[in-house]
Amino acid sequence: MITFKRKVALKIAMVSLTLASIASPLAWYISRLNAEKGIVSFAMEESHRLLMHRPDSHEISVNAEKAARTLAEGLFEIAEIYDSNGIKLAEAMTAEGQLLEQEIHHHAPPSYQTPIYESFNLSADRWVLQVFTPLREENGNLAGYFEGTRLVPAWQKKQILMDSLMVALMVGLASLLCGGVLFPVVIRLSSENQHKAQELLESHISMMEALGRAIAKRDSITGTHNYRVAWVSAILAETLGIKGDRMQALIAGSFLHDTGKIGIPDAILLKPAKLTEDEMKVMRTHVTIGEEIITGSGWLDGAREVVAAHHEKWDGSGYPRGLAGEAIPFLARIFAIVDVFDALCSKRPYKNPLPLNEVMDILQKGSGTHFDPKLLKVFSSIASKVYETTVHASEAEMRALMKKMVRRHFGN
């Protein structure tokens, strides 16, 4: 759970930082743009107020020079006023405006119908705003044009920068705080989901164990057999680097490998003597029956590979399909070794357990005929370890070992 919390915290932190890194510059840009538009809007309104303070359009011509000087002394470095035909009526500029006049782009006579503006930097510390606005009478008729050039002062640039930076920081902080608030919510929801999933998993495992024990009891062997073969198969699979869904399928298949024996008559299944050929044919149908039981059973469907092919042999002499070599499903090849190993090591009504050296001799004789030689070689390297662990273990001890294995591979 601690590792999961770290993963969630890391992912939420990464998302929050990503959002902050994207949102903060965007917020800074929008804030700066809004401040810029605010300056322009104020300049447009003020210029329109000075130039259009009377409804008579003749006032523009009469007061053009005065208005241009007033605007140039206040908001703008350069103020230009045109009539409705685009003819310049007046122009005024400050000393700074005279320098700007030599650097800024000159354009054709005005003809625009809506207010526009341009923002650009002449140098690193010289930010220029140009305002272009048509002047209209109250009835909407075009009365003329005003164009103003403003060099944004350093104090205003600093203020805009600070305001924009503050907005950007607030947005970034909000993104991080949002991630911090989400973390416990995600953890709680995940914990609840994990708890329910664990309950469901445990019910599935219990059902799998119960079914496996029921079949084992009917076959005159103890439930320990299923725990042993499942645990040993998982140990071999871990040695081979198998994990995830494949490991889960192997464990489930090991528990349920003889599920089909539920359909075999007691007269054959419990017969103490050697089976006749006809009886063997019936006995062999337990594989097909088991496959039919497992197929389509939801999460147990993964066990099908082992159930359907655990009696196949490497040389093709097995049943029910006579598969050979690598055509035999990989998990079934693993289980085939373990199943025979456990049968030879265990006491049955018709036999005594064999010592490990004899068991391994028999398995080696089956290398390349019954068993996958490569898998048998790997199993041989761990045989002594699993033998010491399982040979004298009670059902309760094997069940405890298997529960640890199940938690390790089903718990994530």
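Predicted model: local features only at pLDDT ≥ 70, side-chain atom pairs only at ≥ 80, totals over all residues.
Begin at the second largest cavity, where helix α10 supplies the largest share of the lining, three residues.

**Stop 1: the cavity**

Select A309, E312, K313, W314, I328, A332, R333, A336, H370, F371 and D372, the residues that line the second largest cavity. The space in this cavity amounts to about 60 Å³. How many cavities of 30 Å³ or more does a search of the whole structure find? The search finds two. Colour the selected lining by class: six of its residues are nonpolar, one is polar and four are charged.

**Stop 2: A332**

Next, select A332, one of the residues that line the cavity. A332 belongs to helix α10, which covers residues 330-345. Is A332 buried or exposed? Its relative accessibility is 1%, so A332 counts as buried; the limit for buried is under 20%.

Leaving aside residues up to four places away in sequence, A332 touches E305, V306, A309 and H310. One of these, A309, is also part of the cavity lining. Then draw a distance from A332 to K313, C-alpha to C-alpha: the two are 9.8 Å apart in space and 19 residues apart in sequence.

**Stop 3: helices α10 and α11**

Two packed helices are described by the angle between their axes and the distance between the axes. The crossing of α10 past α11 is right-handed.

To see where the helices meet, select I337, V340, F341, L344 and C345 in α10, together with L356, V359, M360, I362 and L363 in α11. Which classes of residue make up this contact? It has 10 nonpolar residues, with no polar and no charged ones.

**Stop 4: helices α5 and α12**

Now select helix α5, residues 224-239, and helix α12, residues 373-390. These helices pack at an angle of about 140 degrees, and their axes lie 10 Å apart. The crossing of α5 and α12 is right-handed.

On the α5 side, display R228, W231, V232, I235, L236 and T239; on the α12 side, display V378, F379, I382, V386, T389 and T390. By class, the contact of α5 with α12 divides into eight nonpolar, three polar and one charged residue.

**Stop 5: V378**

Centre the view on V378, which is placed in helix α12. Not counting residues up to four places away in sequence, V378 touches L236, T239 and L240. Draw a distance from V378 to T239: their C-alpha atoms are separated by 7.8 Å, although the two residues are 139 residues apart along the chain.

**Last stop: the whole chain**

Finally, zoom out and display the chain as a cartoon. There are 13 helices and five strands to find. The chain has 412 residues, of which 41% count as buried. Among contacts in the chain with a separation of 6 or more, 61% join residues 24 or more positions apart.

Methods
Residues numbered from 1 in each chain as written. Heavy atoms only, no water. Helix = DSSP H or I, 4+ residues; strand = E, 2+ residues; numbered from the N terminus. Buried < 20%, exposed > 50% of the residue type's maximum accessible area, 1.4 Å probe, protein only. Contact = heavy atoms within 4.5 Å. 1 Å grid on protein atoms, 1.4 Å probe; cavity = no way out; pocket = protein on both sides within 12 Å on 5 of 7 lines; lining within 4 Å. Points joined across faces, edges and corners; volume = space filled by probe spheres on them. Nonpolar A, V, L, I, M, F, W, Y, C, P; charged D, E, K, R; others polar. Left-handed = near helix turned anticlockwise from the far one by under 90°. Axes fitted to C-alpha atoms, helices over the stretch in contact; angles between N-to-C directions.
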